[in-house]
Amino acid sequence: MFPPTPTFKGAMRLARLADLPRIGVVAAAAFYHSSWFAYERPYYNQYPLDTLASYRRSFLRALFDPDSIVVVVEDTLDETESNRVYNALASVYPPFDEQIPKDLLDQGKAVVAVASFSLLPDSARHGQFQPEGDNPGVPETPVLNRDKNAIASENMDKVLHPQEVETFKGRMVIDMMVTHPSHWRRGHGTLITKWFIDLARQDQVGLAVAAAPMGKVHFSSLGFKKAKTVEIPGYHDHPNPIYAWLGLLNVKQNGGCGGERVSRAFL
Ligand SMILES: CC(C)(COP(=O)(O)OP(=O)(O)OC[C@H]1O[C@@H](n2cnc3c(N)ncnc32)[C@H](O)[C@@H]1OP(=O)(O)O)[C@@H](O)C(=O)NCCC(=O)NCCS
(Lines give C-alpha, C1' and ligand atoms only; values in the text may rest on other atoms or scores of the structure.)
Protein backbone atom coordinates (compact mmCIF):
# COMPACT_ATOMS: atom_id res chain seq x y z
CA MET A 1 0.00 0.00 0.00
CA PHE A 2 1.58 3.29 -1.13
CA PRO A 3 1.23 6.65 0.65
CA PRO A 4 -1.39 8.97 -0.88
CA THR A 5 -0.19 11.51 -3.47
CA PRO A 6 -1.25 15.08 -4.19
CA THR A 7 -4.01 15.17 -6.81
CA PHE A 8 -2.96 16.01 -10.36
CA LYS A 9 -4.50 19.34 -11.33
CA GLY A 10 -5.58 20.47 -14.80
CA ALA A 11 -4.33 18.36 -17.69
CA MET A 12 -1.38 16.87 -15.81
CA ARG A 13 -0.98 13.09 -15.57
CA LEU A 14 1.61 10.33 -15.38
CA ALA A 15 3.43 9.71 -18.65
CA ARG A 16 2.73 6.55 -20.67
CA LEU A 17 4.93 4.58 -23.04
CA ALA A 18 2.79 5.81 -25.95
CA ASP A 19 3.84 9.39 -25.12
CA LEU A 20 7.54 8.73 -25.75
CA PRO A 21 7.79 9.81 -29.41
CA ARG A 22 6.11 13.10 -28.50
CA ILE A 23 8.21 13.51 -25.36
CA GLY A 24 11.38 13.24 -27.49
CA VAL A 25 10.14 16.09 -29.69
CA VAL A 26 9.11 18.30 -26.75
CA ALA A 27 12.46 17.71 -25.03
CA ALA A 28 14.59 18.48 -28.11
CA ALA A 29 12.52 21.57 -28.98
CA ALA A 30 12.78 22.96 -25.45
CA PHE A 31 16.26 21.91 -24.33
CA TYR A 32 17.70 23.62 -27.42
CA HIS A 33 17.09 26.85 -25.44
CA SER A 34 19.15 25.67 -22.48
CA SER A 35 22.78 26.84 -22.53
CA TRP A 36 23.78 23.25 -21.75
CA PHE A 37 22.38 21.96 -25.03
CA ALA A 38 25.02 23.40 -27.40
CA TYR A 39 27.70 22.45 -24.87
CA GLU A 40 26.72 18.78 -24.67
CA ARG A 41 25.41 18.44 -28.23
CA PRO A 42 27.62 20.66 -30.41
CA TYR A 43 26.74 18.64 -33.53
CA TYR A 44 22.98 18.95 -33.06
CA ASN A 45 22.63 20.56 -36.47
CA GLN A 46 23.99 17.50 -38.28
CA TYR A 47 22.24 14.85 -36.17
CA PRO A 48 18.77 15.94 -35.03
CA LEU A 49 17.48 12.35 -35.16
CA ASP A 50 20.21 11.31 -32.69
CA THR A 51 19.06 14.09 -30.37
CA LEU A 52 15.45 12.86 -30.55
CA ALA A 53 16.53 9.26 -29.92
CA SER A 54 18.69 10.28 -26.99
CA TYR A 55 15.86 12.17 -25.22
CA ARG A 56 13.42 9.33 -25.90
CA ARG A 57 15.83 6.93 -24.25
CA SER A 58 16.43 9.20 -21.25
CA PHE A 59 12.70 9.44 -20.61
CA LEU A 60 12.13 5.74 -21.34
CA ARG A 61 14.62 4.88 -18.63
CA ALA A 62 13.01 7.32 -16.22
CA LEU A 63 9.54 5.97 -17.08
CA PHE A 64 10.43 2.45 -16.00
CA ASP A 65 12.72 3.39 -13.12
CA PRO A 66 10.81 2.51 -9.93
CA ASP A 67 12.50 5.42 -8.16
CA SER A 68 11.43 7.99 -10.78
CA ILE A 69 8.25 9.87 -11.60
CA VAL A 70 7.57 11.08 -15.15
CA VAL A 71 4.64 13.45 -15.59
CA VAL A 72 3.22 15.24 -18.62
CA VAL A 73 0.76 18.05 -19.32
CA GLU A 74 -1.61 18.01 -22.28
CA ASP A 75 -2.84 21.11 -24.10
CA THR A 76 -4.39 22.08 -27.42
CA LEU A 77 -2.05 21.18 -30.27
CA ASP A 78 -0.64 24.18 -32.14
CA GLU A 79 -0.35 22.85 -35.67
CA THR A 80 2.25 25.50 -36.53
CA GLU A 81 4.50 24.50 -33.59
CA SER A 82 7.34 23.33 -35.83
CA ASN A 83 7.89 27.01 -36.71
CA ARG A 84 9.02 27.45 -33.10
CA VAL A 85 11.80 24.87 -33.15
CA TYR A 86 15.41 25.04 -34.39
CA ASN A 87 15.92 24.47 -38.10
CA ALA A 88 17.59 21.06 -37.89
CA LEU A 89 14.72 19.71 -35.79
CA ALA A 90 12.12 21.33 -38.04
CA SER A 91 13.73 19.56 -41.02
CA VAL A 92 13.06 16.11 -39.47
CA TYR A 93 9.89 17.06 -37.58
CA PRO A 94 7.83 13.87 -37.29
CA PRO A 95 4.28 14.06 -38.69
CA PHE A 96 1.80 14.53 -35.83
CA ASP A 97 0.27 11.08 -36.29
CA GLU A 98 3.72 9.57 -35.72
CA GLN A 99 4.44 11.46 -32.50
CA ILE A 100 1.01 11.88 -30.84
CA PRO A 101 -1.23 8.97 -29.81
CA LYS A 102 -4.42 8.80 -31.90
CA ASP A 103 -6.82 9.31 -28.98
CA LEU A 104 -5.17 12.64 -28.16
CA LEU A 105 -4.73 13.76 -31.74
CA ASP A 106 -8.44 13.10 -32.42
CA GLN A 107 -9.24 15.61 -29.66
CA GLY A 108 -6.79 18.16 -31.12
CA LYS A 109 -4.53 17.72 -28.09
CA ALA A 110 -0.90 16.82 -27.44
CA VAL A 111 1.59 16.51 -24.60
CA VAL A 112 3.31 19.90 -24.41
CA ALA A 113 5.29 19.63 -21.17
CA VAL A 114 7.16 16.80 -19.46
CA ALA A 115 9.26 16.38 -16.34
CA SER A 116 11.01 13.62 -14.48
CA PHE A 117 11.80 13.45 -10.79
CA SER A 118 13.88 11.15 -8.61
CA LEU A 119 12.60 9.81 -5.31
CA LEU A 120 14.93 9.02 -2.44
CA PRO A 121 16.43 5.54 -2.93
CA ASP A 122 14.75 4.21 0.20
CA SER A 123 11.41 5.88 -0.50
CA ALA A 124 8.17 4.20 0.57
CA ARG A 125 6.97 5.27 -2.89
CA HIS A 126 9.41 2.94 -4.70
CA GLY A 127 7.45 1.63 -7.71
CA GLN A 128 4.37 3.78 -7.04
CA PHE A 129 4.54 5.75 -10.27
CA GLN A 130 5.15 2.97 -12.77
CA PRO A 131 2.89 3.32 -15.82
CA GLU A 132 -0.03 0.90 -15.63
CA GLY A 133 -0.55 -1.55 -18.44
CA ASP A 134 2.61 -0.52 -20.27
CA ASN A 135 5.28 -2.99 -21.19
CA PRO A 136 8.65 -2.24 -19.63
CA GLY A 137 10.32 -4.82 -21.88
CA VAL A 138 10.16 -2.72 -25.05
CA PRO A 139 13.47 -2.79 -26.91
CA GLU A 140 15.33 0.50 -26.94
CA THR A 141 16.16 1.95 -30.31
CA PRO A 142 19.92 2.40 -30.74
CA VAL A 143 21.15 5.81 -29.70
CA LEU A 144 24.19 6.84 -31.68
CA ASN A 145 24.92 10.11 -29.83
CA ARG A 146 26.64 11.60 -32.88
CA ASP A 147 25.24 15.00 -31.84
CA LYS A 148 27.24 14.84 -28.58
CA ASN A 149 30.88 15.50 -27.74
CA ALA A 150 32.42 12.98 -25.36
CA ILE A 151 34.63 15.62 -23.71
CA ALA A 152 31.54 17.60 -22.78
CA SER A 153 29.87 14.56 -21.23
CA GLU A 154 33.09 13.75 -19.36
CA ASN A 155 33.36 17.32 -18.04
CA MET A 156 29.76 17.20 -16.81
CA ASP A 157 30.44 13.91 -15.05
CA LYS A 158 33.75 15.00 -13.55
CA VAL A 159 32.84 18.54 -12.53
CA LEU A 160 29.08 18.70 -11.98
CA HIS A 161 28.25 15.22 -10.74
CA PRO A 162 30.36 15.30 -7.53
CA GLN A 163 28.88 18.70 -6.65
CA GLU A 164 25.38 17.29 -7.12
CA VAL A 165 26.20 14.30 -4.91
CA GLU A 166 27.44 16.58 -2.15
CA THR A 167 24.72 19.23 -2.41
CA PHE A 168 21.65 17.10 -3.12
CA LYS A 169 22.16 14.57 -0.32
CA GLY A 170 18.87 13.36 1.14
CA ARG A 171 16.67 15.27 -1.30
CA MET A 172 14.33 14.39 -4.13
CA VAL A 173 15.61 15.79 -7.41
CA ILE A 174 14.03 17.46 -10.40
CA ASP A 175 15.92 15.68 -13.18
CA MET A 176 14.44 17.11 -16.37
CA MET A 177 11.69 19.65 -17.03
CA VAL A 178 10.67 21.05 -20.40
CA THR A 179 7.77 22.75 -22.14
CA HIS A 180 7.50 22.95 -25.93
CA PRO A 181 8.35 26.55 -26.96
CA SER A 182 4.90 26.83 -28.61
CA HIS A 183 3.39 26.53 -25.10
CA TRP A 184 5.79 28.51 -22.91
CA ARG A 185 4.45 30.84 -20.23
CA ARG A 186 1.07 29.18 -19.93
CA GLY A 187 1.81 27.89 -16.44
CA HIS A 188 2.63 24.27 -17.33
CA GLY A 189 6.10 24.33 -15.72
CA THR A 190 4.63 25.93 -12.61
CA LEU A 191 1.79 23.38 -12.43
CA ILE A 192 4.28 20.50 -12.54
CA THR A 193 6.72 22.04 -10.07
CA LYS A 194 3.96 22.87 -7.57
CA TRP A 195 2.76 19.26 -7.65
CA PHE A 196 6.27 18.05 -6.85
CA ILE A 197 6.58 20.63 -4.04
CA ASP A 198 3.26 19.36 -2.62
CA LEU A 199 4.63 15.81 -2.72
CA ALA A 200 7.82 16.97 -0.99
CA ARG A 201 5.83 18.74 1.74
CA GLN A 202 3.69 15.68 2.25
CA ASP A 203 6.76 13.46 2.58
CA GLN A 204 8.80 16.08 4.47
CA VAL A 205 11.72 15.62 2.08
CA GLY A 206 13.60 18.57 0.58
CA LEU A 207 13.98 19.18 -3.16
CA ALA A 208 16.98 19.91 -5.36
CA VAL A 209 17.60 20.94 -8.94
CA ALA A 210 20.61 21.65 -11.15
CA ALA A 211 19.49 24.28 -13.60
CA ALA A 212 20.64 26.35 -16.54
CA PRO A 213 19.61 30.05 -16.57
CA MET A 214 15.94 29.68 -17.65
CA GLY A 215 15.37 27.03 -15.02
CA LYS A 216 17.10 29.18 -12.42
CA VAL A 217 14.54 31.96 -12.95
CA HIS A 218 11.66 29.50 -12.85
CA PHE A 219 12.77 27.61 -9.73
CA SER A 220 13.83 30.76 -7.86
CA SER A 221 10.37 32.21 -8.39
CA LEU A 222 8.93 29.10 -6.71
CA GLY A 223 11.12 29.40 -3.62
CA PHE A 224 14.28 27.43 -4.48
CA LYS A 225 17.42 29.03 -3.03
CA LYS A 226 20.89 28.90 -4.52
CA ALA A 227 23.24 26.44 -2.85
CA LYS A 228 26.06 27.09 -5.31
CA THR A 229 26.89 27.77 -8.93
CA VAL A 230 29.17 25.30 -10.67
CA GLU A 231 31.32 26.34 -13.63
CA ILE A 232 31.89 23.63 -16.21
CA PRO A 233 34.94 24.49 -18.34
CA GLY A 234 34.78 25.06 -22.08
CA TYR A 235 36.49 22.77 -24.57
CA HIS A 236 37.57 22.84 -28.21
CA ASP A 237 34.10 22.84 -29.81
CA HIS A 238 32.52 25.01 -27.11
CA PRO A 239 35.26 27.32 -25.76
CA ASN A 240 33.00 29.15 -23.28
CA PRO A 241 32.20 27.56 -19.92
CA ILE A 242 28.63 26.84 -18.88
CA TYR A 243 27.11 27.28 -15.45
CA ALA A 244 24.88 25.06 -13.37
CA TRP A 245 22.78 26.66 -10.65
CA LEU A 246 22.23 24.20 -7.84
CA GLY A 247 18.99 25.17 -6.12
CA LEU A 248 17.41 23.72 -2.99
CA LEU A 249 13.94 23.94 -1.50
CA ASN A 250 13.52 23.08 2.16
CA VAL A 251 10.10 21.90 3.22
CA LYS A 252 10.64 21.52 6.95
CA GLN A 253 12.11 23.94 9.43
CA ASN A 254 14.80 21.73 10.90
CA GLY A 255 15.97 20.26 7.56
CA GLY A 256 18.14 17.15 7.60
CA CYS A 257 16.93 13.97 5.94
CA GLY A 258 18.75 10.72 5.35
CA GLY A 259 19.61 9.01 2.11
CA GLU A 260 21.24 10.36 -0.97
CA ARG A 261 20.07 10.97 -4.49
CA VAL A 262 21.63 12.85 -7.33
CA SER A 263 20.83 13.51 -10.88
CA ARG A 264 21.10 16.02 -13.65
CA ALA A 265 18.22 18.39 -14.22
CA PHE A 266 18.65 19.84 -17.66
CA LEU A 267 20.52 18.24 -20.47
C1 LIG B 1 11.73 26.54 -17.90
C2 LIG B 1 10.46 25.96 -18.54
C3 LIG B 1 10.36 24.49 -18.24
C4 LIG B 1 9.24 26.68 -17.97
O5 LIG B 1 8.09 26.10 -18.56
P6 LIG B 1 6.74 26.90 -18.79
O7 LIG B 1 5.67 25.92 -19.08
O8 LIG B 1 6.94 28.01 -19.75
O9 LIG B 1 6.52 27.47 -17.31
P10 LIG B 1 5.52 28.58 -16.80
O11 LIG B 1 4.57 29.03 -17.84
O12 LIG B 1 4.97 28.08 -15.52
O13 LIG B 1 6.53 29.78 -16.53
C14 LIG B 1 7.46 29.66 -15.50
C15 LIG B 1 8.61 30.64 -15.68
O16 LIG B 1 9.54 30.14 -16.64
C17 LIG B 1 10.21 31.25 -17.23
N18 LIG B 1 9.94 31.31 -18.68
C19 LIG B 1 9.09 30.56 -19.39
N20 LIG B 1 9.16 30.87 -20.72
C21 LIG B 1 10.07 31.86 -20.80
C22 LIG B 1 10.60 32.63 -21.88
N23 LIG B 1 10.19 32.45 -23.13
N24 LIG B 1 11.53 33.55 -21.62
C25 LIG B 1 11.96 33.77 -20.35
N26 LIG B 1 11.49 33.08 -19.28
C27 LIG B 1 10.58 32.14 -19.51
C28 LIG B 1 9.63 32.51 -16.58
O29 LIG B 1 10.40 32.79 -15.45
C30 LIG B 1 8.26 32.00 -16.18
O31 LIG B 1 7.67 32.74 -15.13
P32 LIG B 1 6.86 34.11 -15.48
O33 LIG B 1 5.99 33.84 -16.66
O34 LIG B 1 6.10 34.36 -14.22
O35 LIG B 1 7.91 35.13 -15.76
C36 LIG B 1 10.45 26.18 -20.09
O37 LIG B 1 10.61 27.56 -20.33
C38 LIG B 1 11.48 25.42 -20.88
O39 LIG B 1 11.27 24.29 -21.25
N40 LIG B 1 12.61 26.09 -21.22
C41 LIG B 1 13.59 25.52 -22.14
C42 LIG B 1 14.46 24.49 -21.53
C43 LIG B 1 15.18 25.13 -20.42
O44 LIG B 1 15.95 26.06 -20.56
N45 LIG B 1 14.88 24.60 -19.28
C46 LIG B 1 15.41 25.10 -18.11
C47 LIG B 1 16.84 25.04 -18.16
S48 LIG B 1 17.46 24.86 -16.54
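**Exercise 1. What share of the 267 residues in the protein chain is buried?**

Start with the test: a residue is buried if 20 or more other C-beta atoms lie within 10 Å of its own, exposed if 12 or fewer, and partly exposed in between, with C-beta atoms placed from the backbone. By that test, buried residues make up 41% of the chain.

Before you go on, a word about the model. It is a predicted one: local features need pLDDT of at least 70, side-chain atom pairs count only at pLDDT 80 or more, and totals for chains, interfaces and linings use all residues. Residues are numbered from 1 along each chain as its sequence is written.

**Exercise 2. Describe the overall build of the protein chain.**

Step one is the element count. Helices (H or I, at least four residues) and strands (E, at least two) are DSSP runs, numbered from the N terminus. The chain has nine helices and seven strands. Its radius of gyration is 18 Å, close to the 18 Å that the globule rule gives for 267 residues, so the chain is as compact as a globular protein of that length. (The radius is taken over C-alpha atoms, and the rule is 2.2 Å times the number of residues to the power 0.38.)

Step two is the extent: along its principal axes, the C-alpha trace spans about 50 × 45 × 35 Å.

Step three is contacts. Two residues are in contact if their C-beta atoms, placed from the backbone, lie within 7 Å. Take the contacts between residues at least 6 apart in sequence: 85% of them join residues at least 24 apart.

**Exercise 3. Work out what surrounds the ligand.**

First, the cut-off: a residue is near a molecule or strand if its C-beta atom, placed from the backbone, lies within 6 Å of it. The ligand is surrounded by 23 residues, and the closest are Thr179, Gly189, Thr190, Met214 and Gly215.

Next, look at which elements take part. α1 (20-31), β4 (172-179), α8 (188-203) and α9 (213-221) each supply at least two residues of the shell. The largest share, five residues, comes from α9.

Finally, sort the shell by kind: eleven residues are nonpolar, ten polar and two charged. Here Ala, Val, Leu, Ile, Met, Phe, Trp, Tyr, Cys and Pro count as nonpolar, Asp, Glu, Lys and Arg as charged, and the others, Gly among them, as polar.

**Exercise 4. Compare the descriptions of helices α1 and α7.**

Begin with length. The expected span of a helix is 1.5 Å times one less than its number of residues. For the twelve residues of α1 that gives 16 Å, and the end C-alpha atoms are 16 Å apart, which agrees. α7 has 18 residues and reaches 25 Å from its first C-alpha to its last, close to the expected 26 Å.

Now check for a bend, meaning the angle between axes fitted to the seven residues ending at a residue and the seven starting there. α7 bends by about 35 degrees at Leu160, and Pro162 follows within four residues.

Then look at burial. Eleven of the twelve residues of α1 are buried, so α1 is largely enclosed by the rest of the structure. What covers them includes α2, α3 (48-63), α4 (87-91), α5 (96-99), β3 and β4. In α7, the buried residues are Ala152, Asn155, Met156, Leu160 and Glu164. They pack against α2 (35-40), β5 (207-211), β6 (225-232) and β7 (242-249).

**Exercise 5. Locate two residues with positive phi and say how exposed they are.**

Take Asn145 to begin with. Its phi is near 60 degrees, a positive value in a residue other than glycine. Asn145 lies in the loop between β3 (109-118) and α7 (150-167), and is partly exposed, with 18 other C-beta atoms within 10 Å.

Then turn to Arg185. Phi is near 60 degrees here as well, in a residue other than glycine. Arg185 sits in the loop between β4 and α8, and is exposed, with 9 other C-beta atoms within 10 Å.
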